[in-house]
Structures are given as structure tokens and as C-alpha cells.
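Please look over the sequence and the structure below before reading on. A short briefing follows them.

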Amino acid sequence: MRPVEPNADQTPLVVELSAAEFRDRLHEALSIYVAAMGYPHGTEYHRAPMWNEHLQRSGWRGVGALVPAGDGSTDDAAARLVAIAYGYRGAPEQWWHQQVRSGLRHTGWTRDQIDVILGNYFELTELHVHPDAQGHGLGETLLLRLLERRPERGVLLSTPEVADEDNRAWRLYRRLGFRDVLRHFRFAGDNRPFAVLGRGLPL
């Protein structure tokens, strides 16, 4: 992906993406994910089937930031995707839901408390800004757009733990009022510690 240029006509435009539009840009979206997370090339091929499956989940919504083509249009393939976010309605049959429920149970939450927090939520599944486009508030704009008019009672997400919560993702989530649900939690098959954060909706 080419770097984002600073001139005015290259200002990214945040748009809602249908499932079909997101699928058409899946390779671009996964390239952003790999670059933003610092993963090795090839990771995108392993994630593609999962992202495709997510597109079919109830309540799915996606947004993206597009750098317009030379004529200012964002409707054609020449418009470059530089940031993406998506999520869907959480449900008991989903792996992430089951993992978080287990983590809450093992850290002392009561069944009633767990049922409240996992009873009606939007899962913020992915939010990534290409490194060349970071530092301009795109992540916050994407998140606000993604959560507009959501019918769920709250929103939950997981993010890797970092020392002193010192990165852009953590600062964004804290600024928007996300609070701890689980800390230093390890999902099955991943040795990295994660935090699960949440807050009520609407923002």
C-alpha cells in the first residue's frame, strides 16, 4: 500500500462499508491489519477465512477510511483504503463470547453479573489504521462512526496488554470511557495477555 500523502486532496474520508464492499476490499483490509499489528507477511492469508465468516454474523457493521482517487471519487477501486473497523452483535455460540464468559467466571464474577454484561453487546472485533495514516484521529473517527445508533446495551473489545497502557489504542479507548472487564487474560491458543474493555452505549 502506498503511503498517505499529506496534501489536502489526500484527506481520508470515513465511509460505511456494506458486507459486499468489505469483502471486495478484504485483501486491502487485511494488509492494513498486518501492517498496523506488525505481523509477518502471510498472516493475512490465515485470517481471511475468519473475517469472511464474520461478515455473515448478525448485526455486522463495517467502516473504512478511503483516500480519494485523483478525481476525488471514493466509488472506484482507485480509492485507497487506509483504515478499517468492524464488529457485530455478540452471541453465546461465538468463540470470543465463550472465552470471555469463561474468563469472567474464573475471576469471580457471578452468573448474574456475567449474564448482564454478555447479554446484549456489540463486539468491536477489529480497528486498525495503517501506520502511514496514524496520528490524525482516524481511529477515533472510525470508532465513533461504527458505534453510531447501535441498538445494543454496551460494547466490548479485547486489546493486547502494553506497559502503562502506553499506545494509541489504549489512549483512544480510555479517552472514550472504556473500562476494565478482564485484565491479563489469555485466550486459548495465544500466549499474549489481553485486556477486555467495555462501556455502555450510546457513547
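The model is predicted. Seven strands form an open sheet with mixed pairing, and helix H4 lies across strands E4, E5, E6 and E7.

- The strands of the open sheet follow the order E1-E2-E3-E4-E5-E7-E6.
- Strand E1, residues 13-17, and strand E6, residues 179-185, are the edge strands, and each pairs on one side only.
- On average, neighbouring strands of this sheet are turned by 20 degrees against each other, with direction ignored.
- Strand E2 covers residues 61-67 and strand E3 covers residues 80-89; the two run antiparallel and are joined by seven bridges.
- Within this pair, Gly62 stands opposite Tyr86 in E3.

**Helix H4 across the strands**

- Helix H4 spans residues 95-106.
- The strands it lies across include E4 (121-129), E5 (154-160) and E7 (194-200).
- Helix H4 also lies across E6, to which it runs at about 90 degrees.

- Gln99 has a relative accessibility of 16%, so it counts as buried, the limit being under 20%.
- Leaving aside neighbours within four places in sequence, Gln99 is in contact with Phe185, Phe187 and Ala188.
- With Ala188, a polar atom of the Gln99 side chain lies 2.8 Å from the backbone nitrogen.

- Phe185 and Gln99 are 86 residues apart along the chain, and their C-alpha atoms are separated by 9.6 Å.
- Apart from neighbours within four places in sequence, Phe185 is in contact with Gln99, Gly103, Arg192, Pro193 and Phe194.

**The annotated span**

- An unreviewed UniProt entry lists residues 116-202 as "domain: N-acetyltransferase".
- In the model, this span of residues 116-202 is 22% helix and 34% strand.
- The end C-alpha atoms of the span lie 17 Å apart.

Notes
Residues numbered from 1 in each chain as written. Predicted model: local features only at pLDDT ≥ 70, side-chain atom pairs only at ≥ 80, totals over all residues. Heavy atoms only, no water. Pairing = 2+ DSSP bridges. Helix = DSSP H or I, 4+ residues; strand = E, 2+ residues; numbered from the N terminus. Axes fitted to C-alpha atoms, helices over the stretch in contact; angles between N-to-C directions. Contact = heavy atoms within 4.5 Å. UniProt positions renumbered as here; feature names shortened; annotations may be inferred. Buried < 20%, exposed > 50% of the residue type's maximum accessible area, 1.4 Å probe, protein only. Polar contact = N/O pair within 3.5 Å; in protein donor to acceptor, adjacent residues only side chain to side chain.
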